[in-house]
Amino acid sequence: MDLSTLRHSCSHVLAQAVKELWPEVKLAIGPAIEDGFYYDFDKEGPFSDEDLLAIEEKMRQIIAKNEPFLREELDKAQAIKLFKQLKEDYKVQLIQDLAGQAISIYKTGQAFLDLCRGPHIKSTGEIKVFKLLSVAGAYWHGIETNPMLQRIYGTCFNSQKELDEYLKNLEEAKSRDHRKLGPQLGFFDIYHEQAGAGLVFYHPKGALLRTIIEDYERKEHLKRGYQIVITPHIMDAALWKTSGHYDYYKENMYTFATEGKEFVLKPMNCPGHILIYKSKTRSYKDLPIRLFELGTVYRREKAGVLHGLLRVRGFTQDDAHVFCLPEQLPDEIKKIIDFVFETMKVFGFNQWGVELSTRPEKYIGSEEDWQKATEALENALKDKGIPYEINQGDGAFYGPKIDIKLKDALKRTWQCATIQCDFALPKRFDLVYIDTDGKEKQPIMLHRVLLGSLERFIGALIEHYKGELPLWLSPCQVLLIPLKETVISYAQTVKSKLEDNNIRVELDTRNETLNKKIREAELNKIPYCLIIGEREAKQEQVSVRKKGSGQRLWQEEAKPRPAGQQGAVALDKFIEELTNRIKEHK
RNA sequence: GCUGGAGUAGCUCAGUUGGCAGAGCACGUCCUUGGUAAGGACGGGGUCACGAGUUCAAUUCUCGUCUCCAGCUCCA
């Protein structure tokens, strides 16, 4: 059975049930969506949890009656008249907006009819398992100034098993929530009330993780001919007026006046890099110039959109601007695309979706430039044989862009990398280089981020790995657990030896039992524990326990060694093995 | 910003139909010196988000503010 048809029909049953319980409610729309369906209602007062149960009960009755879905066609005038009689104002509006004269409606039994293009299942009895999930507000037609309707979300499947799996998946996603895991693992926290919403505090472990990511990025950028720059956090508002951001995003910028001047807390890094470009006369021989900055920016996002690390008010982008000659453009774009994919793979993401976003309604620059820029991006994707979707009208106001969304272990997508082609800002800022003929020409500018915002990316990492970061990213790679005080000095030797080999190590000398320390190490997702007792000290060994020991395996089996327990090895051998794994980004 | 739900110890949560505020974990002290997922005893810890109002009395009721959560809208 086609799920989207089934779900669409189920949304009709939902609407029918609601109309039976609250005849005065007006219907809006009720489509199938990716994981289920919803229906929007105009009702005085909210639907409560009890209401949802009552609606589910009513739906079950309708399904039990096995009423057929019947299609009828009316002409437009008839349809409008019919829905006016039913006082379904939203449906009347929908019909008025429909092109063509033939309007199809679906009747379910005698009791219920709805404007609908179909298709539907034959009868309500075909719905086997369904569940209403939640209620939320939603604007009519999704437009902010329209009335707010009540949306009921639900889902249905062909079998109970599939529904259970879906619900289990929801739970699984919940257990990976970075907002929960992040603070729990000591990565970060947000002090909403004391410091402000959307402002992230990295605790030591998270700051270490971020430093590891940053170090990796700096190294890779230098390798690829980027130059690292650092620009101020506040700049004269005039710069943002020139760039055009002031007009488009003033509401979302933190501004303040001092010494008779207006300043802006930078919401993006472009103008800073542009000033550096403009600081001297550039020759065609200098291009491409690639400026990279781990640039921290602030944007006054509306209160309701903030979400953990994914949507914050202060964040750091791995931002770069490439200034190049027109003939260098295709190659530069391709290099960036390669850089993006290579970086994602290193961090353990192997699936992604690519979108090309074209000119929006509000834009700056000429149509001709837009076309050139869009073609350049599209050709790069085509040449590399990368499948992509077109996202009509979703580009930035100054240029089209390629968005690369990575997919995590649960197949959820995360917006990270973006490559934007820009003819507009070079014009506005009057950027030039001296060409072979000694004349001034305008360079093309590419904006790009790989990971996007480090905050969001760290959120994605946490959820992708369920907090169990790969060895090379783990803030603490090895925990040393000495069994008693007499072996602490040997443990300290082990610690400095590991540190000499650039292994991040902690020594746990607290007065707690071995079991407790191991339990905590597991909960803290530390990749390796080294247990150090008399035996190890005597033979320059360490007893290795790898994370994820197969929890309490030993209780069920006869007496095998738990999976994580690797036994004793010579310290040098352990160091060698670990160093190799770290080098390979495992 | 909009609709709805919520805010009690560092964390997870009980509880009070308006009358001195509770547990487990965490934390501190002491005992315990251990071989692969929680050793034991005792102890400290709260403006019940914030501000007004009603009341003899408000953590509890009312209003406002802040913040979080589920969505909507937005995301240079």
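Mentor: Two strands count as paired when DSSP finds at least two bridges between them. The model discussed here is predicted.

Trainee: How many bridges join β27 to strand β28?

Mentor: Strand β28 covers residues 565-570 and runs antiparallel to β27. Pairing requires at least two bridges. One of the bridge partners across these strands is A570 in β28, which faces Q541. The number of bridges joining β27 to β28 is 5.

Trainee: Which residue in β27 does I531 stand opposite?

Mentor: Strand β26 comprises residues 528-532. It runs antiparallel to β27, and 4 bridges join the two. The residue of β27 opposite I531 is S543.

Trainee: Which element supplies the largest share of the surface near RNA strand B?

Mentor: Several elements each supply at least two residues of this surface, among them β7 (129-139), β8 (148-157), α17 (534-539) and β27 (541-546). The helix α16 (514-523) also belongs to that group. With 6 residues, the largest share comes from α16.

Trainee: How many residues of the surface near RNA strand B are charged?

Mentor: Around RNA strand B there are 56 residues, with Y139, M268, L483, N511 and E536 coming nearest. The surface includes 21 nonpolar and 16 polar residues. The charged residues number 19.

Trainee: Which side chain has an N or O atom 2.8 Å from a base oxygen of RNA strand B?

Mentor: A polar contact here is a pair of N or O atoms within 3.5 Å. The distance of 2.8 Å to the base oxygen belongs to the side chain of R311.

Trainee: Why is one side of β12 and of β13 left without a neighbour in the sheet?

Mentor: The open sheet has 3 strands in the order β12-β14-β13, with antiparallel pairing. Its twist averages 35 degrees from one strand to the next. Because β12 (234-236) and β13 (254-258) stand at the edges, each has a single partner strand.

Definitions and conventions
Residues numbered from 1 in each chain as written. Chains lettered and ligands numbered in written order. Predicted model: local features only at pLDDT ≥ 70, side-chain atom pairs only at ≥ 80, totals over all residues. Heavy atoms only, no water. Near = heavy atom within 4 Å. Polar contact = N/O pair within 3.5 Å; in protein donor to acceptor, adjacent residues only side chain to side chain. Nonpolar A, V, L, I, M, F, W, Y, C, P; charged D, E, K, R; others polar. Axes fitted to C-alpha atoms, helices over the stretch in contact; angles between N-to-C directions.
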